[in-house]
Amino acid sequence: MILWGVFVGALLGWCIAGLEEWGVIVGGLLGIGAGWALRLVVRNEIAQTRGRLRLEIQQEVRNALELGLDLPTQPKPAPLTAERPVSQVARPAMPEPAYKADEPASDAANASVAAATPASPLVPRAPAPPGIVQTALSAAMAWLVGGNTIVRIGLLILFVGLSFLARYAAAAGLFPVELRLALVVAVGIALLVVGFRTRDRKREFSLLLQGAGIATIYLTVFAAARLFEVVPMLAAFALMVIVCAMSCALALLQKAQSLAATAFIGGFAVPLLLAGEGGSALTLFGYYTLLNLAVLAFAYLRSWRFVTLIGFFGTFGVATLWGLTSYAPADFPTAQFFLIVSVLIYVAAATFYTRNTPGPLGRVVDTTMLFGPALAGFGLEVGLVQHIPFGSAFAALGFAALYLVMAAILIKRGRTELRVLNEAMLTIGVGFVTLAIPLALGARWTSSAWAVEGAGAFWIGMRQARWMPRLFGMLLQAIAAFILLADPSVSSVALPFIDPAFVGAMLIALAALATAWWLRQPLPHSGSKWAVRYASIEQQLGKPAFLFGFAFWWLALAAEIRRVTPAAIAGGSALPVIPIVLQPLLMMLAYVGSAALFAEGGRKLRWPVATWPARVTLLPLVLAFCAQSLMQQHSLYAWHWPIWVVALAVHYWLLFREERQDAADRDPSLSLLHRGVHVGGVWLLAAMIADCLWLGIDRGALWNTSWAGVVFLVSAVSALLLLTLWAAAAPRDRGRGTRWPLQVHAIDYGWFAALPIAALAFLGSLGTALLASGATAPLPYIPLLNPIDLTLMLSVGVLLLWRRTVLAATPPVPGSGWLRGREALVALALLSFVILNTIWLRIAHHMIGVPWTGTALLESFVVQMGIAILWTLLALGLMLYAHRQSNRVMWLAGAGLLGLVVIKLLVVDLSNEGGAVRIVTFMVVGILMLVVGYFAPLPPKNAVRPIAEGAPA
């Protein structure tokens with residue numbers, strides 16, 4: 001309830017405050033109070049209701065007992081109330097008594113059941129799980145109060161107090177420096193002695209005191225040498241060596257990792273606590289080197305991972321901090337030597353840990369210590385050698401040599417339990433070799449080398465039945481592809497097929513295609529748990545690998561098509577080898593040709609995935625046509641039409657090959673894709689017809705005439721007419737002599753492809769009729785013989801022909817039933833009505849001089865007169881035809897049109913007072929209506945011949 005109150009209150013507060021953040025906070029706080037109060041009210045109401053029910057149940061039980069009813073007993077009856085328990089005494093069975101008139105039987109029965117039902121025990125609610133903050137605080141408190149809490153708190157306080165004391169004494173000058181340092185050392189030694197003497201009785205107490213003593217001695221020796229310079233550096237280092245050796249001996253003697261960890265934490269913290277200005281890099285790194293040698297000794301003798309991690313993070317963390325704040329070029333030799341030594345130490349420590357740590361599946365590999373020196377060390381090395389040409393590349397080769405040599409040494413020993421460590425070091429070494437390539441070469445050459453390297457790694461893993469090299473090889477190929485795609489620049493090379501873009505993409509393609517070929521069948525593996533899991537995934541990667549390779553095959557060809565030649569003169573611009581307007585078409589041809597090549601190879605090699613690109617060749621055709629249109633180019637240009645002819649021929653040849661293959665090899669799920677490709681090809685060809693017509697308009701400079709206005713409509717009507725004459729009638733002869741593609745796709749061409757074109761022709765005709773003014777320059781305007789009127793009449797005729805042809809097909813075309821209804825005929829009739837009216841409007845515009853605007857046409861009484869006469873003539877013709885056919889419905893439609901004419905005369909034409917046009921209009925319409933009444937009276941009802949349902953009209 002409270003949570004809902006917070007939510008609702010925050011939402012309302014946010015809305016009331018105008019979507020300000022403070023509204024959420026205030027509303028949430030108010031919601032807490034409201035939710036809490038509402039919860040109290042609800043709980044009080046529930047408690048009162050339960051009390052009333054309890055009293056009612058008690059009363060019903062008493063009534064039942066008075067009537068002598070048997071109540072079921074329970075082994076341990078639960079009292080109904082705490083104040084007055086009901087005794088449950090077994091009674092002899094008695095006949096069912098008659099109930100009182102005012103006590104329903106159901107109420108008594110319910111009371112007995114309620115009384116007999118034992119009270120449900122209260123189940124305590126499980127506590128909510130702790131949050132992240134609560135978990136962290138609990139962990140911190142567990143460390144603080146776990147074990148000997150007093151000792152831990154005391155050591156912390158003591159250590160801090162000693163630090164403050166040393167600083168205060170140094171600032172006040174109370175005692176000589178030597179005496180102060182000696183006292184601190186004495187305290188540290190005392191802690192060590194007391195701790196060591198109590199090691200058998202109180203081990204935890206002993207280890208804590210010894211760790212504090214070691215840290216105190218570290219602090220004092222380093223301060224004596226660094227801050228106060230009372231001890232020479234060599235002597236300080238000697239003392240620190242002794243302290244390290246002593247702490248190592250104590251830890252090994254007592255087998256206490258915590259003691260070693262405490263000693264090393266204090267040792268690595270000394271330079272951070274007492275760091276000064278202008279310190280010597282040699283001193284700092286020499287000190288850390290001694291500590292690291294001690295860490296290495298522990299790693300050799302014990303598998304104490306925590307100690308090694310303390311040394312690793314302390315060393316490389318301080319080295320990174322020093323490099324960012326204090327590094328100078330003069331420190332390069334010292335820093336380089338220290339970095340090399342540190343990396344060697346921790347690579348050896350990782351090896352020792354694996355050797356000393358058995359596991360259920362072999363020796364355990366510490367991934368942090370294995371990969372950590374490589375990553376951290378290489379990062380620091382790059383910072384050191386950034387001023388050296390190709391320094392990063394040589395650094396990568398150095399790390400590669402280190403890990404490869406270590407892998408070779410371990411492999412030579414032939415210990416099977418170290419196989420995981422061997423493979424990991426080999427992987428790191430190969431990774432650094434791979435990394436050296438981009439650091440020394442450009443991105444495109446890098447991608448080339450990595451792709452080849454990835455294919456080689458996959459081949460080795462396949463030959464050796466090892467899954468990790470195969471996975472590494474595929475990942476390397478993916479990274480190579482990403483690097484190549486990240487550089488979209490165009491190559492500038494004089495000679496063909498040698499530019500980095502082409503070579504890089506082609507090598508990636510060949511590597512991926514080779515990998516896909518190897519993945520045609522399941523590859524062997526070691527049989528381990530991880531190998532089995534990976535094998536189930538690897539079996540699904542063959543097809544994606546081929547598609548990946550084919551994509552980069554096409555990208556390589558596209559890069560060569562986009563290649564530019566270097567500038568002929570200094571400062572000049574590079575020139576494309578192939579004109580930009582032809583590049584999209586050649587890329588399209590490159591895809592279609594490559595798809596045909598791989599499809600044939602896939603059929604011969606029984607490699608089905610190689611035929612997949614051939615199934616979507618329509619897509620590059622459409623994209624190339626769109627690109628051509630955006631660049632204002634046309635398919636009939638000099639170099640364009642041969643490319644289109646070849647591309648379309650290859651496209652349909654691939655379709656033919658795909659659909660003519662043996663039935664045993666045909667995939668039934670591809671039928672829908674093939675149908676879509678055939679239908680899409682029709683639409684593309686219709687668009688190309690329009691493009692050819694637009695080129696003619698452009699060459700004739702007819703963009704401001706009606707010739708340009710009917711280009712779209714003419715292309716749609718032409719395509720619909722061709723489909724009607726060629727494919728729409730084919731289903732009636734299907735299976736009897738028809739050839740491909742009509743043998744299979746006649747319905748797709750005649751119905752699915754033609755239906756959207758018919759809809760476009762209908763809408764285009766409507767829009768052309770309403771908007772086109774009929775300008776026919778340079779030819780004169782001739783009514784009914786101009787491009788607009790001819791195209792519109794042709795459109796209506798083709799639509800009627802297509803409808804009749806589809807309805808006449810046998811067997812019936814699925815989904816074409818709506819063409820048989822009156823709705824389709826009404827739509828065509830309305831289109832014809834609009835066309836006839838706009839023909840008169842164009843005549844008035846060109847022959848009479850009425851401006852081609854909506855206002856001018858509506859205000860012209862001549863135009864209105866013509867419309868009235870036209871509507872009357874149409875009504876006359878419709879009613880005469882209906883009278884001869886005895887079609888009462890059609891006659892009534894004509895009569896309705898006449899009614900519209902009468903309304904128009906009264907509303908529009910009557911306002912032309914004294915005009916001759918009004919006289920002519922009324923006279924002509926009146927005479928025509930008389931003719932209708934004389935020659936076409938209303939057919940009798942019994943003569944109505946309705947249109948049969950399902951018959952074409």
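Visitor: Which helices each supply at least two residues of the nonpolar patch?

Guide: Helix H14 (391-413) and helix H15 (419-440) do; helices here are DSSP runs of H or I with at least four residues, numbered from the N terminus. This is a predicted model, where local features need pLDDT of at least 70 and side-chain atom pairs count only at pLDDT 80 or more, while totals for chains, interfaces and linings use all residues. Residues are numbered from 1 along each chain as its sequence is written, and side-chain values use heavy atoms, leaving out hydrogens and water.

Visitor: What makes up the nonpolar surface patch?

Guide: Phe390, Phe394, Leu397, Leu404, Leu426 and Val433 make it, covering about 520 Å². Patch residues have over 30% relative accessible area and no salt bridge, with nonpolar side chains (Val, Leu, Ile, Met, Phe, Trp, Tyr) joined within 5 Å. H14 gives the largest share, three residues.

Visitor: Why is leucine 404 called partly exposed?

Guide: Leucine 404, found in helix H14, has a relative accessible area of 31%. Buried means under 20%, exposed over 50%, and partly exposed in between (1.4 Å probe, protein chains only), so leucine 404 counts as partly exposed.

Visitor: Why are H11 and H12 called roughly antiparallel?

Guide: The axes of helix H11 (residues 305-325) and helix H12 (residues 332-356) cross at roughly 160 degrees and come within 11 Å. Axes are lines fitted to C-alpha atoms over the stretch in contact, and angles run from 0 to 180 degrees between N-to-C directions. Angles under 35 degrees count as roughly parallel, over 145 as roughly antiparallel, 65 to 115 as roughly perpendicular and the rest as oblique. That is why H11 and H12 are roughly antiparallel.

Visitor: How do you know that glutamate 538 forms a salt bridge with arginine 470?

Guide: Their closest N and O atoms are 2.8 Å apart, and a salt bridge needs a side-chain nitrogen of Lys or Arg within 4 Å of a carboxyl oxygen of Asp or Glu. Glutamate 538 lies in helix H19 (residues 529-538) and arginine 470 in helix H17 (residues 467-485), so the pair ties together parts that are 68 residues apart in sequence.

Visitor: Are those two residues buried or exposed?

Guide: Glutamate 538 has 3% relative accessibility, so it counts as buried. Arginine 470, at 0%, counts as buried too.

Notes:
Patches are made of residues with over 30% relative accessible area and no salt bridge: like charges are joined within 9 Å, nonpolar side chains (Val, Leu, Ile, Met, Phe, Trp, Tyr) within 5 Å. Accessible areas come from the Shrake-Rupley method with a 1.4 Å probe; for residues, only the protein chains shown count as cover.
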